[in-house]
Each structure stands twice: as structure tokens, then as C-alpha cells.
Protein chains: 4
Amino acid sequence: RWQTQRTIGYPQLQPGPTNRISDVHGVKVGHVTLNEGDIQTGVSAIVPNDDNLFVKPLRAGAAVLNGFAKPIGLTQLDELGILQTPIVLSNTFSVGRLYTGVVRYSISQNPEVGRELATVNPLVLECNDGFLNDQQAFALTESMAVDAITSAQSDFARGSVGAGRGMSCFGLKGGIGTSSRYIPELDATLGVLVLANFGRLQALHLEGLAIGEWVETALTEVAAQRDAGSIIIVMATDAPLSSRQLRRVAKRSGAGLGRLGSYWGHGSGDIAVAFSTAHEAAHDLDDSHLEELLCAAAEGCEFAVLDALLQARPVTGFRNHTRMALSDVLDYLATTIV
Amino acid sequence: RWQTQRTIGYPQLQPGPTNRISDVHGVKVGHVTLNEGDIQTGVSAIVPNDDNLFVKPLRAGAAVLNGFAKPIGLTQLDELGILQTPIVLSNTFSVGRLYTGVVRYSISQNPEVGRELATVNPLVLECNDGFLNDQQAFALTESMAVDAITSAQSDFARGSVGAGRGMSCFGLKGGIGTSSRYIPELDATLGVLVLANFGRLQALHLEGLAIGEWVETALTEVAAQRDAGSIIIVMATDAPLSSRQLRRVAKRSGAGLGRLGSYWGHGSGDIAVAFSTAHEAAHDLDDSHLEELLCAAAEGCEFAVLDALLQARPVTGFRNHTRMALSDVLDYLATTIV
Amino acid sequence: RWQTQRTIGYPQLQPGPTNRISDVHGVKVGHVTLNEGDIQTGVSAIVPNDDNLFVKPLRAGAAVLNGFAKPIGLTQLDELGILQTPIVLSNTFSVGRLYTGVVRYSISQNPEVGRELATVNPLVLECNDGFLNDQQAFALTESMAVDAITSAQSDFARGSVGAGRGMSCFGLKGGIGTSSRYIPELDATLGVLVLANFGRLQALHLEGLAIGEWVETALTEVAAQRDAGSIIIVMATDAPLSSRQLRRVAKRSGAGLGRLGSYWGHGSGDIAVAFSTAHEAAHDLDDSHLEELLCAAAEGCEFAVLDALLQARPVTGFRNHTRMALSDVLDYLATTIV
Amino acid sequence: RWQTQRTIGYPQLQPGPTNRISDVHGVKVGHVTLNEGDIQTGVSAIVPNDDNLFVKPLRAGAAVLNGFAKPIGLTQLDELGILQTPIVLSNTFSVGRLYTGVVRYSISQNPEVGRELATVNPLVLECNDGFLNDQQAFALTESMAVDAITSAQSDFARGSVGAGRGMSCFGLKGGIGTSSRYIPELDATLGVLVLANFGRLQALHLEGLAIGEWVETALTEVAAQRDAGSIIIVMATDAPLSSRQLRRVAKRSGAGLGRLGSYWGHGSGDIAVAFSTAHEAAHDLDDSHLEELLCAAAEGCEFAVLDALLQARPVTGFRNHTRMALSDVLDYLATTIV
């Protein structure tokens, strides 16, 4: 099926017009990508809308599937249930610099932040790209957070770009993937973007098949995916959910990961964040109406990871480590097996 | 494959000798089953060992995947990380009676409990069997908790028995299922028992195939699984884990449920508990050694649910509601499709 | 000051008209009290309003300060953020029976609960009154939950009544206490009711003084408060808070307990629940407006405990154990010291 | 009493030899202090011992009393229960830089961190010193984290030093304070260090007296403490506790804060972390033995804040904002009132 249709998986729900997180009106994504020998890394920013989020925050909720991770911003997000900045993704060692960059970005919009006004709570999330990228080079700078934010657009690149540049997934090349699902019952859209850097090859399931072993035969040189992986899942919706409800939605990403063969490994920092672009109150939305959103969150996460795998191009980086692209492997397997 | 091998699914890890939770040495399971017209319900008890658990508690941890549920005992289990009684499973309306029954059982072993001694913390978990069973009849009595505990044995029945008598799963007959996995790296076993009562038929995936629609054609009368489902997952291991580590292990059941098509629905109380039968300290077991246990927990949960589905026999109960057995449906499909 | 004014403590905020939880419009409290030799126990019910709460639930949030406790209902309350039944308080061994009683109460209002309708989530909380009451007698019956609920009124008894009958507090007689605070900034009231059964005498602070040692001299026979204490704090407000905000409010009870000398002892199940009687949405209430409510929650809890201590009358019960009343002790100390 | 004894408060438990966190063997504290006009800020580091913590981590647990805060490191600490670096404290805008600094410090000890080895999890905690310090100057550099760590010693300065340089507490000058308590039952010590930057003046209680109003009269110019306060509490113990037990201990700081009049205000990021310097396993330490440690944690936190208030010297900084010292105010009050 791969050969003729170039797709994987059987979605049950209806994607939005572009099958991207930007199908949720106003959401944009920006990337800064570094591709210089040992330096294979970058920054990606999810910008919910054009508002000054410090002044007009959005409701948000998060779920930590496995906490082997160094996120910044989750403590306050849990307490207050709001998002005050764009969401910035990158490698593990860079979250400090990017935090500072997002603070500076917020100051540029709100000159009294941290003075007469309260401080701002940047949301910066990471995966460990140390297999393909030399994190110790600290190649990313504070200003690149701002660059990623200000270059965001609704039609954005996926695969081995931005924060996804150096990421691995099931022993293959991972990176940025996206999907969306339309929920007729709510006339709402759920969009998903992942930074996929998790999973061991033996565990990979595609369309329910444990395909890992076959893939292994196609890899000239198999380097085991290190257990210091991770996946960050960002969900956006225009449904007017409360932060508690958004946390419920975000959590369902775990079911989607399971479908691909993941068991949320010990060393994998698997974290999901969901925000709503709606400002109106949502108390009238009884939780029983969440059913299709929960279903969409699981499936949307699954397909966003598949998108990351299929969009990724091969990358060779730090110490000449290489990750191949799933699409190349599938082409090869289609040739050899048939 | 079903026709010839009578199994479903492709396990990657090695099961224990009997592929049951009782492969963990000392663990036993007991049932009380009521099968009288509108009354299709029961009690199941997981007995970790022959010790007086109030005097010699076991380390334990729990994970709430979705909290639409009425468990008793989780608050103290989270705080102290120990299990003081056998684990008792039943229907939602009966947890009060069974709590009292377990308190009485503990008093029989420790006459000063709640007097000179502290109180005991029974662990009683439930699913809603209201489709096949008239919960309002309150047919279960306090003493049935004791009966289930004292009748426990290592070779126990599965399917439509005990607490599983009235349960539904993916619109089919659910109930009690079990599995085990051996972890060579740790020379340890992980056993799983589920009370499976979750999932909507359209979402069912078997061996990665969305088989729900086919099954639907085989059901003469399809009654949608109500959203008031649930699954309880109980895990036992002889690996000397801390309560924090056991919580990590328990949580991986969520990945296993995802593989079957579940998205942890809004109305499904999906709760997992794991305990260790080892008394020695485990601080030397670095968390990096958990990797295979986490993998086993996800797979063990997936296959315990499959076991429940395959072992279940059809049941007709309250208001003549009926749930068919998956094995019958698969036999029928094998005949008609081929 | 005690002698002339018969009060303790220096409140900073303004109490409501009656300084009771029922200052929040619609809230009522009912008691069933057993006083028969070894049986010194009871049930108390907090009824938020006259509505059928299963049909028209209230937003609610809870905080577990210390989880050595056997509450029923918190898991679903955390997940969905709503209260579906009156809140019932009692002794530890009775929560099972009272759960069943509340289920029956809800069935009486909603005949299809647990059949065509989902199950209901009773909220039943407990303290261990085993020093004054023989819990092993299981003297409370299922129907007493209903009796407490249906007898609720806004003008209710405090001290050694209802669930408070057998409770101890700082080695003295504890029980039911209440308070309220009016928040002008929000034109809202916060009401508090406690079931006080915690604290060791040496730790007691009144008006900032470590008065425990003095009190000790006044007690003819000092029986150490067992560490199996607890306190349940129930808060009601007419401010339109979300469940997340109510959890923040409930949590502040911990600061109030600290002021009395408590350190949330190991064996003390210290649990707080807050609900809002407002049905309208509250998303416009920015969390910065919570400030005075948080302050009121801490102070309201402190003074509700003082109320319990001052309203309590001495009780002699199980095995002739006795707890004296603080007011008697203060009278005695006033005589002897001056 | 202040005039003659120069102390405040009535401790009930016995302090260690120096009444500092360094009474726990091996614990050291280092400061970097900036005092240049608008720049009144710094870094403080708590160094648990001389080990390479990445190779030989310590068990640790944390409690978020109120999550209006930007900590780095808590997610992984919660998941794995270990401390891999010294704990670094500073102002809110600097946590990013200091995170990077601590990563560099760990790399200097472990050259393959983030390459062949997993990444490291720095623990960086903050309070908002924006009243006295211009955080927008970003005056702290990455290397200052290392300077604070490498300059640590057991005999360290308190008050308006290090991260405490710009902090305010109850409208007065706050900063670094410490205390310790010896627990004879366990032959163990609990040490506490706080970065105190919380509380509104009206709420201040000293020795149980609401002294806030009196203090107000002594302040020539009263600037309300902004709600963007916070307190970080770090606890060290040589008792061999598990991470779960350490979380229980850390949490009790909330009771201590309550005694001073705090209600864990909306805008106050109140976070406590506790670690154990013992490497041996602690499963034999039943939780019932924690009782005195919990008591010590509450009292130790209370007195560490008092220490911060009494050791602090007045500071004038950003925009000529000034905070007076409590000791000066008490001297003034002693003169004028008597």
C-alpha cells in the first residue's frame, strides 16, 4: 500500500483541510534549523495566535506521560491553567537559553514584565538529540527563540527541520510531524504537532504489524536508539475547553503512542500540552462531550508521529552518526520483499 | 490464524509458565459469581501471598489513567506506598459493602485494628456492569469479599466469572483476563490481571486491524457499549521495586490499552495498581533496569485484555441485555468471510 | 481574655452573619448521633442546596494534605471537578456503609442511576474515632447517611455531635466546628466546616502560644492522642470558581492548621474539599482575584477548628476513654493560674 | 524579649550545633552577590556533598505548595526521585542562564553527558526579586552558577546575600535563612535553608502575634509587597529516606509558613525540596518513624524564615525601592512602644 498510496495507517476520524495543527485557526509554526556538521539541531515554535499572550492568555493543560525530561513552564501551567507565551521546542541542553529568549520576547511586548508587572511563564520543551547533534556545542542562542516565533506561519515544514533536525524515532530519523482531526459533534478542530524522538526499533508497529525487525534488515548499520529519547506533543483546539479538560485531552496522546509500539520507555520524556484558542467560557461544555476529542487526540498523536517519520529526510551528524528515513526504508523493503 | 491457532496477537516477550498473574510466586485469585437472571455479577480477589498484610504490607503503586471511577484505597496507597489487604474487584455499587467486608477480614486477623492499632486501608476497585447486571439489587454482601479472598487459588477461572460476570468490553462480553511475562534481565516475572469492561466496538483493533466494523456485522443485535465502562488492571511482580517504581510500571498499562484501540474514554474508569511480593529493599535497582518491566507491563496488559475477551462466554442478564463472546464471533467470521 | 469574652483567636477577616458554613446561601448540615456506652459516633452531612446534584452537579475541588485516609469519591472529583451528592462525614470503618447509603439516596432521586444512567460518585470522608468509639461494632447503618442528609438545616449543632461525637483534637474533645468569612472584593462568602480529630497536645498553639503543656497540667489523666487522627475540611463558597480554583482554595486549609500547631502528622488523614454553589461560568474570574479567598480559607479553617474545640462537650466512651472539653480546661486554668 | 535575647519564636525541638542546614554532614552553601545600584541580586547554591552527583545521585522529593513559579528540574525529580546536581537558587529571569551553567558544571565532571551518557537534570529554583532588582538587566551569567557551587562552604552567610540579595518578605527585607533540628529518635538531623520572598505585611505573625500593623507604623514609607513573591525551601537530612518520604517531609514546610501568617498567596511560588545524604536503602524505615521529622520540617521552615528576616540588612535598589530590616524595626518598636 505504501508504494501506491504513500501513506501509512488507517485513520478513523476526518482530518482537517491541511491535516496540520494550523487547521486550528490562527495557529502558526516557525523553525530555526542548524545544519553544520556536528551541529544538527534547531528550534521550533508553536504560536497560538497573533495576540499578546501575556495580556490575553489562553487556557491550557499538560500531561506528563513519563517525566524523564527537563521541561520549563509546567509547574505554573498546572497551577493556573494558562499559556502566556508561544511554545518553544528544542534540544535538552538548550532549554535554558530559549527560556531567556522567550522572556526577552515577552519583555519586548510588555516592557514592565518582571518590574511593575508579574513575571512571565515561558513554556519550553525538549528532546535529547545527542545522537545526531553535539549538544555540548550549545549552538543555539537566546535570539533563536525569537526568530522561531517571529517566522511562524500556517504553512510550515515538517520532518528534519527546526527542533526536529537532530531527532531520532524508532531508530530511524524522527522530527516534526503534524495532523488534525475535525469533530463534527462540536464543530471543532483538534490539531497536533509532535517532536518525535522516541521508541526502539524492535517495538515499531505500523498498521498493527511489528515491522521493526524487517526495518532492521534494511538498515546497513543499526545504531540502537538510545533510551534518552522523548516525545513532545502539542495539541491545539478551538473547542472552548477548561484547563482541566485540556489536560484530559493532552493525556490521550499516550494511547496513540502505544499504538505505534511505544511503552513510554524509562528514559523517554513523554510530555503533552494542549491549549484552546477559544476565549469564551466553557463551563456549559459537559465533559461527556469530550468523547470525540479524546478519540481524536489519541489518533491525532499517532498520525502526527507517522507524519514525522514519513516527512523526515536522512541526517548524518555528530561523530558521523546517521539516521535513515522511513520512507526510503519502505521503498527499499517494497522492492526487495515483493 | 484464529481458526487454527485459537490465539490473537503477536507477543514479543516471553510469558511465564502458565501465562497468569499467579506465575508470580504466591499470588492467588478467588471468585464469587452470581448468575441469577437480572443478577449477573460477582467479586474477584487478588491475594498477593499467605501473609497477614496488615502486619507485613507489600510495596505498591497505582496510576489513574482516567478517573471516572469510584476506587477505595488509592489515597493512602499513594501516600504510604503500601498494600495492606488483598485487592478486591467488583461492580460500582458494591464497593461500599466490600470495603466493609475487607475491614472485617482484617479484623479477623488483627483483632485490635481500629482500636489500639491504626485502621486498615482496603483496596477495592470497580467497573460498572449495569448493562448486564441490575446493580440496584445490591446483590453482593459484605461476606462475599471474605469468600472471594479465602477461596483464592493459583489456578483460577477467567472470563465471565467473579467480578467479570457482568462486564462488557468493546461491545462484546468482557471480564477477567490474565497474562504474565518473564524478564530475563531481572530474573523476575510480571503478572497481570484485568477486569475488562471498556472500549467501544468501532474502536476495537486486533492484531492492528480495525476489526470493529466486521464484528458489528456478526452481532445480530448491536447494543452500543455504554460510556460508563472501565478497566481495572492489577500487576504483580517479584522484582524488588519501590512504590515509585511500581507506579511507573502500573502506568504503562495505558500504552497496552491504546494498542487495542482504546483512547481511555471519558466515562471509563481506567485504573492500574502494581505491587511487589519482594520484601527486601530495592534502592540498588536503578530505574534504568526498569526498561523491560515497562515493556512487559504494556504488553502484559494488552494480552490480559485479549485473554478476557477470548475466555469470556456469552451472558444474558438485566432487561435481557446480551453480550456475545469474541471467540464465537471470530468463529462465525472465519466461516462467513473465507 | 477567655474568661470575659469566651473567644479565642484574633480573626483578621470579617465573618458572615452566623459565622457558619450555612452563611453560604443554601448550605445545610445534618447530623445523626449515637451515644450508647462504647458507641460514641455518628454521621454528618453537608447538603449544598436543594437541587438534585446528580442532574445539576456543582463544581468542586479537593486537596490531600496528608493521605493517611480512606476517602471515597476523590478520584472522580479530581477528574471531572464536580460534586454529585451531599458530602457525608463519619468514622473510618463506616465509609463503606455510608457510600451505599448515599448511592441509595441518589437512586431515590434518579431511578435509572447505574442502569440507563451513569453511576453516581458519592463523596464520603472519615476520621478515626477509635479512641472514644468502638468502630468494630459497625454501629452505623446505610440508612443513617440518608437520615443525616434529609435532616440537614442551616442552623445546625456543633461540637460533640454527628460524625464529631467520638473525635479527639489535640488530646481534647474535638468534633464539628464551623466558620465563615465575607470577601467584600468579590461580594462572596466562604464557609468552612471541619471534622476535627487531629493534633497532639504538646503541639497545640492558641493565639500563638504553645499552650499544650499548660493544658496537660489540667488534665487529670492524659491519654496521648493516637496518631491515627485526621481532619476533614469542607469549604463552600458562592463565588463562581472553577474546580481548579476550588482546589487552590481548599489547599489553604493547611496553612490554617499550621497556625494551631499542626504539622499534618504522619497518621493524620488531612483532606479538604471545596465546592461552589454558583452555576454560572467563572472563566472571567482571573486567579488574581482569588487572593482574599485564599486568605479566608486559611483563617476560616483555623477558626473552624477553634469552634470545634470550644463547642465540644466532654465524652466518655469505648473502654472508658475520656476526652475533656477545652472550654472546661480554660475555665480551670483561668481559675488556677490567675 | 527581642531586646534582651535577640531572638524570636519558641522552638520546641532541639537545633543542631550551628542551627544551619550544614549541620547535616557534608552540606555546603555558596553565594554570588551583585550589589550595583539597580542590580541587587545573586545566586546561591546548596551543595549536598563532595560527590559527583551525576554518578552518585541522592534521593530527593519535592512539594509544590503553590505553583506560581518557574522551577527547572521538578518533573524529572518527581519521576525518578533523585538529585543529580547541586541546587541553585536565584531570581526568576535568571533560571535559564543558571540551568545552562549547571549543565556546563556537570559536563566538566562528566565529559560525555548528553553524548554517550544521558542528559543531566539541573535543579534551579527562583523567586521574583523585581522590586529591589532590575531583572530585565539579566545581570547574572552562566558561569555564576559554577562560582556559587565551587565557593560553597559549611559556614556561610545569610540574609541579604546570594539569591537573597534582592528578596522581600512580609514587606521587609528577606533573603537567605537557615535552621536545623536534631531528631534523637532517629539520631538524624534535618537542615533547612530558605530563600524567603513571600508574605504581605498585614499577615505577619511573630510569636503568634499579628505584628504586621505595628511594623507598618515603623516603616517610613510602606511599599506593599507585590504578589509576585515566593519562597523556596530546601531541606537536607542524613536520615535514609525514600523519595516518597522526602516528599512528605518537604511538604510540611507549608505548615511552618502558616505559623508566620502566610496563606500561600496566589502569586507566591512556594516550593520545597528535600534530599537525603544517605546512600543506604531505607525500606526498613517504616513511615511511622517519620513523625518527628515531619514536626521538625514544619518548625525548621518557620525558624529558617525568621532567621532570614533577622539576618537581613536593609537594601535599596531598582528605582530606589527600599526594604528595611526586621531587626531594625524591632529595635525601633522596642524603643518607642515601651
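This is a predicted model: local features need pLDDT of at least 70, side-chain atom pairs count only at pLDDT 80 or more; totals for chains, interfaces and linings use all residues.
Local features need pLDDT of at least 70 and side-chain atom pairs count only at pLDDT 80 or more, whereas totals for chains, interfaces and linings use all residues. Residues are numbered from 1 along each chain as its sequence is written, chains are lettered from A in the order in which they are written, and side-chain values use heavy atoms, with hydrogens and water left out.

**View 1. The interface of chain A and chain D.** Chain A gives 48 residues to the contact, and chain D gives 48 residues. Contact means heavy atoms within 4.5 Å. The two chains bury about 4,100 Å² between them, with 51% from carbon and sulfur atoms. Buried area is the accessible area (1.4 Å probe) that two parts lose on being put together, summed over both. In chain A, the most area is lost to chain D by A:Phe93, A:Arg115 and A:Gln136, together 16% of what that side buries.

View 2. Eight salt bridges are counted between the two chains. A salt bridge is a side-chain nitrogen of Lys or Arg within 4 Å of a carboxyl oxygen of Asp or Glu. One of the pairs is A:Glu142 with D:Arg97, at 3.0 Å from N to O. On the side of chain A that touches chain D, strand 3 (58–67), helix 2 (74–80) and helix 3 (95–109) give two or more residues. Helices (H or I, at least four residues) and strands (E, at least two) are DSSP runs, numbered from the N terminus. Helix 3 of chain A supplies the largest share, eight residues. By class, that side has 21 nonpolar, 16 polar and eleven charged residues. Ala, Val, Leu, Ile, Met, Phe, Trp, Tyr, Cys and Pro count as nonpolar, Asp, Glu, Lys and Arg as charged, and the others, Gly among them, as polar.

**View 3. An open sheet in chain B.** Four strands are ordered 1-2-5-6, with mixed pairing. Two strands pair if DSSP finds at least two bridges between them. Strand 1 (28–36) and strand 6 (123–127) are the edges, each pairing on one side only. Neighbouring strands are turned by 15° on average, direction ignored. Axes are lines fitted to C-alpha atoms, for helices over the stretch in contact, and angles run from 0 to 180 degrees between N-to-C directions. Strand 2 (residues 39–47) and strand 5 (residues 87–91) of chain B run antiparallel, joined by three bridges. B:Ile46 has B:Ile87 of strand 5 as its bridge partner. Helix 3 (residues 95–109) of chain B lies across strands 2, 5 and 6, at about 155° to strand 6.

**View 4. The interface of chain A and chain B.** Here 33 residues of chain A contact 33 residues of chain B. The buried area is about 2,700 Å², with 47% from carbon and sulfur atoms. A:Tyr263, A:Trp264 and A:His266 lose the most area in chain A, together 25% of what that side buries. The salt bridge count is two. A:Arg200 pairs with B:Glu292 in a salt bridge, with closest N and O atoms 2.9 Å apart.
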